[in-house]
Amino acid sequence: MRILYGVCSDGLGHAMRARVLGEELRRAGHELLFAAFGRPAAFLRGHGFEVLEVQGLTCSFEGGAVRRGRTVLRALSETPSRIHHNARAALNEVKAFAPEVTLTDFSGFACYAKLVAALSARGSARQPPDRPN
């Protein structure tokens, strides 16, 4: 079975859980494509998984603390390019992978990508209705 597994966050907590589950799924013979960004993407790739690099929200830190204002400004300024990048990834890579199942660890991208890929596939397969003469 082909499984798209979306992992959120720029920390490693979700990625640790995804690695363990991914290893079991791979051992059971399933084909996995992880969607992740930042450190989780590198971590999962380092464990031999195929990873689609998406762009997610990240926090700005200074002196070990989250800088809320900078985080919000950064999110607002980067969101248009992030949406463009992730939409292209959904339409191209995810559609080509054709997942049968989507798992998500709080990743909005995985849900969106599966929906877009499924709608796109249905749309291209639609035939115009026969018209009587």
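## Leu57 in its loop

Leu57 touches Phe37, Ala75 and Arg82, leaving aside residues up to four places away in sequence. Contact here means heavy atoms within 4.5 Å. Leu57 sits in the loop between S3 and strand S4 (61–62). Helices (H or I, at least four residues) and strands (E, at least two) are DSSP runs, numbered from the N terminus.

Leu57 is exposed, with a relative accessible area of 54%. Exposed means over 50% relative accessible area, buried under 20%, and partly exposed in between (1.4 Å probe, protein chains only). Leu57 and Cys8 are 49 residues apart in sequence, yet their C-alpha atoms are 8.8 Å apart in space.

## About the model

This is a predicted model: local features need pLDDT of at least 70, side-chain atom pairs count only at pLDDT 80 or more, and totals for chains, interfaces and linings use all residues. Residues are numbered from 1 along each chain as its sequence is written, and side-chain values use heavy atoms, with hydrogens and water left out.

## Helix H1

H1 has 15 residues. From its first C-alpha to its last, H1 reaches 22 Å, close to the 21 Å expected at 1.5 Å a residue. That expected span is 1.5 Å times one less than the number of residues. His14, Ala15, Ala18, Gly22 and Leu25 are buried in H1. Seen down the axis, these buried residues fall within an arc of 85 degrees, so they line one face of the helix. The arc is that of the directions from the helix axis to the C-beta atoms. An α-helix has 3.6 residues a turn, so residues three or four places apart point the same way.

The buried residues of H1 pack against S1, S2, H2 and strand S6 (101–105). The face turned away from the buried side carries the exposed residues Gly13 and Arg27. Just after H1, Gly29 takes a positive phi of about 95 degrees.

## Helix H2

H2 covers residues 38–46, with Pro40, Ala41, Phe43 and Leu44 buried. They span an arc of only 165 degrees around the axis, which puts them on the same side of H2. Their cover includes strand S1 (2–7), helix H1 (13–27), strand S2 (31–36) and strand S3 (51–53). Arg39 and Gly46 are exposed, on the face of H2 turned away from its buried side.

## Two nonpolar cores

A nonpolar core is a set of buried Ala, Val, Leu, Ile, Met, Phe, Trp, Tyr and Cys residues joined through side-chain atoms within 4.5 Å. The largest one has 14 residues. Val7, Phe34, Leu44 and Val51 have the most contacts inside it. S1, H1, S2 and H2 each supply at least two residues of this core. Apart from it lies another core, of 13 residues, among them Leu4, Val54, Ala90 and Phe97.

Val51 touches several residues, including Leu33, Phe34, Ala41 and Leu44, not counting residues up to four places away in sequence.

## Glu53 on strand S3

Glu53 is found in strand S3. At 35% relative accessibility, Glu53 counts as partly exposed. Beyond residues up to four places away in sequence, Glu53 touches Ala36, Phe37, Gly38, Ala41, Arg45 and His85.

The C-alpha atoms of Glu53 and Gly38 are separated by 8.1 Å, with the residues 15 apart along the chain. The backbone nitrogen of Gly38 lies 3.3 Å from a polar atom of the Glu53 side chain. The side chains of Glu53 and Arg45 are joined by a polar contact of 3.2 Å. A polar contact is a pair of N or O atoms within 3.5 Å; within protein, one must be able to donate a hydrogen and the other to accept it, and residues adjacent in sequence count only if both atoms are side-chain atoms.
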